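Please read it alongside the sequence and the coordinates.

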Amino acid sequence: MPVPSSDFKKALKRLPESEKEALLLRAVRRDAELYETFRFELLADVTLAQIQEEAADRIHELFNLAVSGRLLNRSLVKALRASVQEAARARRITKNKQVEIDLLLYIMRQCTDNYSGQFDSVYDGFFNATARLAARLPSLVLKALHEDLWLEYKSDIDDVLGQLHNRSKSRHLKFELPREFAIPS
């Protein structure tokens, strides 16, 4: 992203209000994420929970569309990647890292609850992508959230890690998948 110069800022200040409004409306029409960010920041009736719920709905829809694909394992990998991007988008809109972590846990629950049969497929792309996300999640929680919140996520993360370790493919991963969410003392 380019950094606005001082000349640009001065020219912007000289613009009349109507032209500023027109520029802003043109910018939000072109960029959906910018629109969502301004919508969250400017409208009082748009809450953090509402943004999280909308993102969860889009994630659910991504996985529903994946089921209709011809190659289910590949479609699920694409849905998983798009869902992780959707969680990151929600974090950028709200500037709240806990929203992203909650959505990532929602994604993990979608994978383990609805598509765990694909973990045993001869194609290991979906299992590997899910395991990579599960391996990344504990460090993300430790880095992004206050230590008072760590215990809230421990049982959910341990459950997901346990389900992944129960699969025979977990022994053949090329990276370390933790057995449990280890909270430092």
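The model is predicted, so local features need pLDDT of at least 70 and side-chain atom pairs count only at pLDDT 80 or more, while totals for chains, interfaces and linings use all residues. Residues are numbered from 1 along each chain as its sequence is written, and side-chain values use heavy atoms, with hydrogens and water left out.

**Nonpolar core**

- The largest nonpolar core holds 41 residues; such a core is a set of buried Ala, Val, Leu, Ile, Met, Phe, Trp, Tyr and Cys residues joined through side-chain atoms within 4.5 Å.
- Buried means under 20% relative accessible area, exposed over 50%, and partly exposed in between (1.4 Å probe, protein chains only).
- The members that touch the most others are F63, L103, L104, I107, V141, I157 and L164.
- At least two residues of this core come from each of α4 (48–67), α5 (72–94), α6 (97–114), α7 (125–144) and α8 (150–165).
- Helices (H or I, at least four residues) are DSSP runs, numbered from the N terminus.
- Beyond its neighbours within four places in sequence, I157 is in contact with L105, L137, P138, V141 and F181, where contact means heavy atoms within 4.5 Å.

**α4 with α6**

- The axes of α4 and α6 lie 10 Å apart, and the two helices pack at an angle of about 30 degrees.
- Axes are lines fitted to C-alpha atoms, for helices over the stretch in contact, and angles run from 0 to 180 degrees between N-to-C directions.
- α4 and α6 are therefore roughly parallel to each other; angles under 35 degrees count as roughly parallel, over 145 as roughly antiparallel, 65 to 115 as roughly perpendicular and the rest as oblique.
- The crossing of α4 over α6 is right-handed, a term used if the near helix is turned clockwise from the far one by less than a right angle, with anticlockwise being left-handed.
- On the α4 side the contact uses L48, Q52, A55, A56, I59, H60 and F63, which meet V99, D102, L103, Y106, I107, Q110 and C111 of α6.
- By class, this contact has 10 nonpolar, three polar and one charged residues; Ala, Val, Leu, Ile, Met, Phe, Trp, Tyr, Cys and Pro count as nonpolar, Asp, Glu, Lys and Arg as charged, and the others, Gly among them, as polar.

**α3 with α5**

- Helix α3 (residues 32–42) and α5 cross at roughly 45 degrees, and their axes come within 8 Å.
- That angle makes α3 oblique to α5.
- The crossing of α3 and α5 is right-handed.
- A32, E33, E36, T37 and F40 of α3 meet R89, R92, I93 and T94 of α5.
- The contact of α3 with α5 has three nonpolar, two polar and four charged residues.

**α5 with α7**

- α5 and α7 have axes that come within 8 Å and cross at roughly 25 degrees.
- These two helices, α5 and α7, are therefore roughly parallel to each other.
- N73, L76, V77, L80 and V84 of α5 make the contact with G125, F126, A129, T130, L133 and R136 of α7.
- The residues of this contact divide into seven nonpolar, three polar and one charged.

**Two buried residues**

- S83 is in helix α5 and counts as buried at 0% relative accessibility.
- Not counting residues up to four places away in sequence, S83 touches I59, L62, F63 and I107.
- A134 is in helix α7 and is buried, with a relative accessible area of 2%.
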